[in-house]
Amino acid sequence: MANERNQQNLSELRGSLTGVETFYVVDYQGLTAGQLSRLRKDIREKGGQLIVAKNTLINLALQEGGRDFSDALKGPSALVLAHDDPAGVAKTLSDASKGNDRGIPAVKGGFVEGNRVDVRVIERLASLGSKQSLQGELVGVLSAHLSNFVGILEAYREKLGGGATEAQA
């Protein structure tokens with residue numbers, strides 16, 4: 001019979017994965033307790049969650065959802081769930097790995113919005129910035145175009161208005 005503690009951990013892991021469309025598998029070995037705590041806090045601020053569990057339990061929980069990551073689950077592994085902002089969480093992981101000379105945490109693979117992706121895709125996602133900053137850029141671009149459009153409409157209205165006054169004179 002399976003260990004009761006492992007059964008409980010597996011159940012909690014399954015619950016955490018329910019409804020999650022984006023997660024990253026990372027190697028965290030070599031981080032101090034303080035660094036790991038800071039990483040958890042930074043990920044939580046971006047709407048994510050860092051879960052450290054046995055590879056066997058992670059693999060079982062993922063396979064139940066039809067996601068096979070047995071090839072990435074070698075050595076110490078953790079799951080980083082991205083609930084709100086996949087790019088922001090990926091950037092947090094990237095910044096944390098650049099913040100130390102060993103490149104830890106190292107991303108081994110991921111699952112982004114329902115699709116398995118490799119490390120290069122996650123690195124590109126991290127370079128995009130947070131969801132909020134991208135939305136801000138989009139609003140800026142749209143407002144600039146709308147401003148130009150309003151200017152064109154104003155000029156056209158003046159042209160039509162100017163033509164109407166000439167016809168009256």
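Modeller: Let's start with a definition: two strands pair if DSSP finds at least two bridges between them. Helices (H or I, at least four residues) and strands (E, at least two) are DSSP runs, numbered from the N terminus. The model above is predicted, so local features need pLDDT of at least 70 and side-chain atom pairs count only at pLDDT 80 or more, while totals for chains, interfaces and linings use all residues. Residues are numbered from 1 along each chain as its sequence is written, and side-chain values use heavy atoms, with hydrogens and water left out.

Biologist: Thanks! In what order do the five strands form the sheet?

Modeller: Here is the general idea: strands of a sheet pair through backbone hydrogen bonds, either parallel or antiparallel. In this structure the five strands form an open sheet in the order 2-3-1-4-5, with antiparallel pairing. Strand 2 (48-52) and strand 5 stand at the edges with a single partner strand each, so one side of each has no neighbour in the sheet. On average, neighbouring strands are turned by 20 degrees against each other, direction ignored. For such angles, axes are lines fitted to C-alpha atoms (for helices over the stretch in contact), and angles run from 0 to 180 degrees between N-to-C directions.

Biologist: How many bridges join strand 2 and strand 3?

Modeller: Five, and the two strands pair in the antiparallel sense. Valine 52 has alanine 78 in strand 3 as its bridge partner. Alanine 78 of strand 3 is also the bridge partner of valine 26. Strand 1 and strand 3 run antiparallel too, joined by four bridges. Strand 4 and strand 5 pair over three bridges, and phenylalanine 111 stands opposite arginine 116 in strand 5.

Biologist: Which way do the residues of strand 3 point?

Modeller: In a regular strand the side chains alternate between the two faces of the sheet. Here Ala78, Val80 and Ala82 point one way from strand 3, and Leu79 and Leu81 the other way. Five of the five residues of strand 3 are buried, so the strand is largely enclosed by the rest of the structure. Buried means under 20% relative accessible area, exposed over 50%, and partly exposed in between (1.4 Å probe, protein chains only).

Biologist: Which are the buried residues of helix 3?

Modeller: An α-helix has 3.6 residues a turn, so residues three or four places apart point the same way. In helix 3 (residues 55-64), the buried ones are Leu57, Ile58, Asn59, Ala61 and Leu62. They pack against helix 1 (4-17), strand 1 (23-27) and strand 3 (78-82), where contact means heavy atoms within 4.5 Å. Glutamine 63 is in helix 3 as well, but at 40% relative accessibility glutamine 63 counts as partly exposed. The side chain of glutamine 63 makes a polar contact with the side chain of aspartate 68 at 3.3 Å. A polar contact is a pair of N or O atoms within 3.5 Å; within protein, one must be able to donate a hydrogen and the other to accept it, and residues adjacent in sequence count only if both atoms are side-chain atoms.

Biologist: How many residues has the largest nonpolar core?

Modeller: A nonpolar core is a set of buried Ala, Val, Leu, Ile, Met, Phe, Trp, Tyr and Cys residues joined through side-chain atoms within 4.5 Å. The largest one has 20 residues, and Tyr24, Ile43, Val80 and Leu93 have the most contacts inside it. Helix 4 gives the most to this core, with four residues. Apart from it lies another core of 17 residues, including Leu13 and Leu57.

Biologist: Where is proline 105?

Modeller: Proline 105 is in the loop between helix 4 (86-98) and strand 4 (106-112). A cis peptide bond joins isoleucine 104 to proline 105, with omega about 10 degrees. Asparagine 100 is in the loop between helix 4 and strand 4 and is buried, at 17% relative accessible area. The side chain of asparagine 100 reaches the backbone oxygen of alanine 96 at 3.4 Å.

Biologist: And how is the protein chain divided into domains?

Modeller: Domain bounds come from an automatic or database domain assignment. Here they give domain 1 (8-128) and domain 2 (129-168). The centres of domain 1 and domain 2, taken over C-alpha atoms, are separated by 44 Å. Their contact takes 10 residues from domain 1 and four residues from domain 2.
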